[in-house]
Amino acid sequence: MPIVKTVSRAVSQLLQSSGCGCGISIVPVRCIGVSPRQVASDASFHSVSFSESDHPRVLITGGLGQLGVGLAKLLRKQFGKNNVILSDIRKPADHVFHSGPFIYSDILDYKNLREIVVNNRITWLFHYSALLSAVGEANVPLARAVNITGLHNVLDIAAEHNLRLFVPSTIGAFGPTSPRDPTPDLCIQRPRTIYGVSKVHAELMGEYYHYRYGLDFRCLRYPGIISADSQPGGGTTDYAVQIFHDAIKTGKFQCNLKPDTRLPMMYIDDCLKATLEVMEAPAEALTMRTYNISAMSFTPEELAQEVQKHIPELQVTYNVDEVRQAIADSWPMNFDDSNARRDWGWKHDYDLPELVSTMFSFLGSDSRIAQAN
């Protein structure tokens, strides 16, 4: 018994003196002060120092979302079909399943995730698993588990196996006390949703692991993402997708935000391009771990006017949803992404006119535009 007590005291002192600065009572079994360095330095799982002619081995968690599927398509074109593995806890659609490697992976299952990384010699990990804002507010305990505990699993595995890790952030990481026009990379962040809080947590933990363990952590704050491939899901920025569907189907659109509500937006192709570019950027070029990226910023009124150039008879009305409006009023109006443009040459391709034209071309609006003309 005295030996047990002596060992217990020694472990307690070790944990309390570790870089995490926390007491033993709140440290999980896989303490961040120990876990990323448990493997011997000469262990031969794999190395990310692949040659110029080799390609990274990529794992995408939460890969069945809009961004995961699009990113897999882009990366497979760049690195080869079999070098990019999609993973999720849902059953993929047939066209996704047959487009390249897919594997079941629950980010809350640390052992399973670690086996996937080791067995498939993963070198890059894109962590898209998360509960978004509306779902997260309806089930905070689940959001906390997926968005925070899941992140901790990914961070530990990435540090242990020397992965290059990408975790997306969002405009939701800012709050009503943040500067809004423009919003710089570094400023006050006090979000009021569990989703936003978890994203600020991810940014800070990724930066900590970078400086504490040398983890190659990279993060982009996405603006509102617009895509023709996905249906609007009731989110605050989804009006910018809904207007195209309604314009084509009915010629009428009711917006749930005020006409002068300005928010940063981006077409999905620009978003995916930026994600690949920041992952390919030389480490020495990066002056920070988390960057804003932006392409355009517009209001519902400005978007409607651009859409009406294609469908002049479109009727637009406004029925403001106070909850969504309050969220939008706490978010940035414009992103300052000058650091991304300076450090790794970020440059968007799609402005508002190009966005609108591209959306209509993908949504098959030729017949309606012909009728309008």
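Is His201 buried, partly exposed or exposed? With a relative accessibility of 25%, His201 counts as partly exposed, where buried means under 20% relative accessible area, exposed over 50%, and partly exposed in between, using a 1.4 Å probe and protein chains only.

Before going further, note that this is a predicted model, in which local features need pLDDT of at least 70 and side-chain atom pairs count only at pLDDT 80 or more, while totals for chains, interfaces and linings use all residues. Residues are numbered from 1 along each chain as its sequence is written, and side-chain values use heavy atoms, with hydrogens and water left out.

Stay with His201, which lies in helix α7; helices (H or I, at least four residues) and strands (E, at least two) are DSSP runs, numbered from the N terminus. Leaving aside neighbours within four places in sequence, select Ile148, Leu151 and His152 to see what His201 is in contact with, contact meaning heavy atoms within 4.5 Å.

Next, select Asp185, in the loop between β6 (169-170) and α7 (194-213). Asp185 counts as buried because its relative accessibility is 3%. Its side chain reaches the backbone nitrogen of Asn292 at 2.6 Å, and a polar contact of 2.7 Å joins it to the side chain of Asn339. A polar contact is a pair of N or O atoms within 3.5 Å; within protein, one must be able to donate a hydrogen and the other to accept it, and residues adjacent in sequence count only if both atoms are side-chain atoms. Beyond four places in sequence, the residues in contact with Asp185 include Arg221, Met288, Thr290, Tyr291 and Asp336.

Now display helix α2 (residues 66-79) together with helix α9 (residues 268-280), whose axes come within 10 Å and cross at roughly 55°; axes are lines fitted to C-alpha atoms, for helices over the stretch in contact, and angles run from 0 to 180 degrees between N-to-C directions. That angle makes α2 oblique to α9, since angles under 35 degrees count as roughly parallel, over 145 as roughly antiparallel, 65 to 115 as roughly perpendicular and the rest as oblique. Among the residues making the contact are Leu67, Leu71 and Phe79 of α2 and Ile268, Leu272 and Glu280 of α9.

Finish at helix α13 (residues 352-362), where Leu352, Leu355, Val356, Thr358, Met359 and Phe360 are buried. After α13 comes Gly364, with a positive phi near 65°.
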